[in-house]
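Trainee: I have a model open beside its sequence, and I would like to learn how to read its features step by step. Could we begin with the strands and then move on to the helices?

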Amino acid sequence: MNIRYRVTLTGDEREQLQNLVRGGKGAVRRIKRAQILLAANAKSTDEAIAINVGAGTSTVYRTKQRFVEEGLEQALSESPRPGAPRKLDAGDESLLIAVACSRPPAGRAKWTMRLLADEMVRLTAHDSLSDETVRRRLGELPLKPWQEKMWCIPEINGEYVARMEDVLQLYAEPPDPRRPVVCFDETPRQLIGEERVPIPAEPGRPRRVDYEYVRNGTANVFMFVDVNRPWRHAKVTDRRACIDFAECMQDLVDIHYPNAEKIRVVLDNLSAHTPSALYQRFAPAEARRILSRLEFHYTPKHASWLNMVEIEIGVMVSQCLDRRIPDKAILIAEVALWERRRNAERARINWMFTIERARAKLGGAYPVPACSPAAQAAA
């Protein structure tokens, strides 16, 4: 005989369930069970509850039964479901990890789920193994053999140390308007337009953007940052070639720092960042005039993080450029507005890495000084 289960909630239980339903956070099945219990406590019939909640009458019945027999938490929770035992035991999973971390078979660039499944069949007593079983086990571990991470490990030799400490010494010097320190770099940008007009956001609905877009070419943004005062300048160009670099240096000398005796420029090792670029753009006399006002200081190779301007470019990208910008004219306008506001806020970079910290942090990697012949003889 079908037993009728009556749900009677205490005040605390009713409040807990109401908070769960109003919050809307949690598993959908858990929220539905809370709705069932609240409706049952309000004396609704099982048929009415099933229609209103969108569940079967058997689900309503089992939820009420578990509440009466086992309590509130058990009624809200998922009951254990019978199923087949796991196909891969602990030993098999350890072997799967080892295989996924090994080199793929000859002629293959990386392990796939199918290759891993076939290899596990070859190495174990399993007659067959599905791709999905392998995928689930790797997802639980978690291990994703199809992903790879790239990084660069620089060689900290004498040249690396000398360039690093040269740049850090510039940052540590007291400000001198006659000899300003300016960090310089660039970032390429894709010009991307919309295939369809985006739909604006509405209450309860986020802004919607079509996944298709129109590629309208590329542009480049050069960035200057003064180390000792809250000033930066961004210049949009078509390219980042030697000619563009030379024109940026001319702007630096004649427009941005016309009264400086010597401008110390911190920059990376891009092939265009050389004095010869100015001779490719200007007549020898003009190139020499500009270079006489400049002093280049290069960061070590693979150490562009030592250039303060990298931080400012990251800020510009996150605050201004992290979106689709269709053409160069709009890019110029948007970058100019961002620059004006950032300068008006007098934003600065608080650089904390010093020569002392470099020696403490990287001292073990510094090259070991060679002893002089006199010192070796004394030893």
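**Reading the sheet and the helices**

Mentor: Let us start with strands E2 and E3, which run antiparallel and are joined by six bridges. Helices (H or I, at least four residues) and strands (E, at least two) are DSSP runs numbered from the N terminus, and two strands pair if DSSP finds at least two bridges between them. This is a predicted model, in which local features need pLDDT of at least 70 and side-chain atom pairs count only at pLDDT 80 or more, while totals for chains, interfaces and linings use all residues. Residues are numbered from 1 along each chain as its sequence is written, and side-chain values use heavy atoms, with hydrogens and water left out.

Trainee: How many residues lie between E2 and E3, and which residue of E3 is the bridge partner of Val-221?

Mentor: E2 and E3 form a hairpin with five residues between them, and the bridge partner of Val-221 in E3 is Val-236.

Trainee: What is the order of the strands in the open sheet, and which are the edge strands?

Mentor: The open sheet has five strands in the order E3-E2-E1-E4-E5, with mixed pairing. Its edge strands are E3 (232-237) and E5 (294-298), each of which pairs on one side only. Direction ignored, neighbouring strands of this sheet are turned by 30 degrees against each other on average. Strand E1 (residues 181-194) and strand E2 (residues 213-226) run antiparallel and are joined by twelve bridges; the partner of Ile-192 in E2 is Arg-215.

Trainee: Which helix packs on the sheet?

Mentor: Helix H13 (residues 309-321) packs on the sheet and touches E1, E2 and E3, and its direction makes about 25 degrees with that of E1. Here, contact means heavy atoms within 4.5 Å, while axes are lines fitted to C-alpha atoms, for helices over the stretch in contact, and angles run from 0 to 180 degrees between N-to-C directions.

Trainee: Is Ala-219 buried or exposed?

Mentor: Buried means under 20% relative accessible area, exposed over 50%, and partly exposed in between (1.4 Å probe, protein chains only). Ala-219, which is found in strand E2, has a relative accessible area of 4% and is therefore buried. Beyond its neighbours within four places in sequence, Ala-219 is in contact with several residues, including Thr-187, Leu-191, Val-236 and Leu-331. Thr-237 is 18 residues from Ala-219 in sequence, and their C-alpha atoms are 6.0 Å apart in space. As for E3, five of its six residues are buried.

Trainee: How should I describe two packed helices?

Mentor: Two packed helices are described by the angle between their axes and the distance between the axes. The axes of helix H1 (residues 11-23) and helix H2 (residues 28-41) come within 9 Å and cross at roughly 135 degrees. H1 and H2 are therefore oblique to each other, since angles under 35 degrees count as roughly parallel, over 145 as roughly antiparallel, 65 to 115 as roughly perpendicular and the rest as oblique. Among the residues that make the contact are Leu-17 and Val-21 of H1 and Ile-31 and Leu-38 of H2.

Trainee: Is Gln-280 buried or exposed?

Mentor: Gln-280, found in helix H11 (residues 276-281), is exposed because its relative accessible area is 52%. By contrast, Lys-64 in helix H4 (residues 57-70) is buried, with a relative accessible area of 11%.
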